[in-house]
Amino acid sequence: MAKFLNSTGISYHLENLIKNANERLFLISPYLKFNPRIKQLLDERNRLRLDIRIIYGKVDLQTEESNWLKSLDSIKVLFCKNLHAKCYLNENEAIITSMNLYDFSQQNNNEMGIHITRENDPEIYSDLNQEVTSLIRSSEHVSISIEKVVPKVEPSRKQRQKEEGNCIRCGTEIKLDPKHPLCKKCYQSWSKYSDKTYTENYCHICGAKTQSSMEKPVCLSCYKKHKSLF
């Protein structure tokens with residue numbers, strides 16, 4: 001007999017449905033994004049070489065999902081245009097629900113569903129199985145390729161120093177340029193007299209408090225480390 005499920009019940013039965021699949025597993029969900037627990041369960045089923053089909057229909061695969069699916073050789077991914085149904089079944093049971101795969105175990109969502117078994121609901125299960133089979137036949141196989149993910153690397157302090165400097169008068173961060181070590185505002189003030197030896201307050205490179213000038217815009221330590229800039 002069909003059983004009504006709330007959010008908690010859907011998550012519970014969906015996990016068991018995947019765990020108990022021994023021959024085939026069909027997961028139909030518009031949005032192909034996976035909860036970490038679902039990924040773990042599918043990894044386990046993949047090792048058993050089951051017939052696993054995932055049908056989606058709303059958005060393109062993200063790099064992370066694409067690379068993960070590519071690593072699972074027993075899973076076939078299919079695209080079905082205008083798909084909105086959420087349905088999950090193995091050879092013995094099925095769930096028809098409002099819950100997407102990514103929402104698995106999200107107890108704050110208000111989801112509903114129906115759980116049926118082949119033994120207790122043979123007519124409903126047969127009709128559902130036929131509909132899913134028809135859906136699979138009309139769907140397009142998706143060829144998945146692994147995309148290289150280039151991690152974002154923060155520039156080192158040395159690299160940042162090549163781009164960032166400080167105004168030798170007010171200390172404001174400006175572009176590193178020993179020939180122009182003043183910000184626009186301070187340069188306007190300096191240009192009234194244009195005295196290159198006038199004592200300023202900061203090192204243009206490290207920003208430390210020191211005696212500097214347009215002629216000598218950096219402290220002795222930075223000058224020794226960055227002679228190539230002068």
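Buried means under 20% relative accessible area, exposed means over 50%, and partly exposed is in between, using a 1.4 Å probe and protein chains only.

Quick housekeeping. This is a predicted model, where local features need pLDDT of at least 70 and side-chain atom pairs count only at pLDDT 80 or more, while totals for chains, interfaces and linings use all residues. Residues are numbered from 1 along each chain as its sequence is written, and side-chain values use heavy atoms, with hydrogens and water left out.

Back to Arg-169, then. Its salt-bridge partner is Glu-200, with the closest N and O atoms 2.7 Å apart. By salt bridge I mean a side-chain nitrogen of Lys or Arg within 4 Å of a carboxyl oxygen of Asp or Glu. The two residues sit 31 apart in the chain: Glu-200 is in strand β11, and Arg-169 is in the loop between β9 and β10. Helices (H or I, at least four residues) and strands (E, at least two) are DSSP runs, numbered from the N terminus. Glu-200 is buried too, at 3%.

How many salt bridges are there by this rule? The count is five. Another one pairs Arg-37 with Glu-15, at 2.4 Å between the closest N and O atoms. That pair connects helix α2 with helix α1, 22 residues apart. Arg-37 is partly exposed at 24%, whereas Glu-15 is buried at 18%. There's also Asp-51 with Arg-53, at 2.6 Å.

Now the greasy part. A nonpolar core is a set of buried Ala, Val, Leu, Ile, Met, Phe, Trp, Tyr and Cys residues joined through side-chain atoms within 4.5 Å. The largest one has 28 residues, and Leu-14 is among those with the most contacts inside it. Helix α1 gives the largest share of this core, four residues. Looking past its neighbours up to four places away in sequence, Leu-14 touches Ile-38, Tyr-88, Ile-95, Leu-101 and Phe-104, where contact means heavy atoms within 4.5 Å. A second, separate core has 15 residues, including Phe-26 and Ala-94.

Last stop, cysteines. Across the whole structure, the search finds zero disulfides.

Terms used:
Disulfide = S-S within 2.5 Å.
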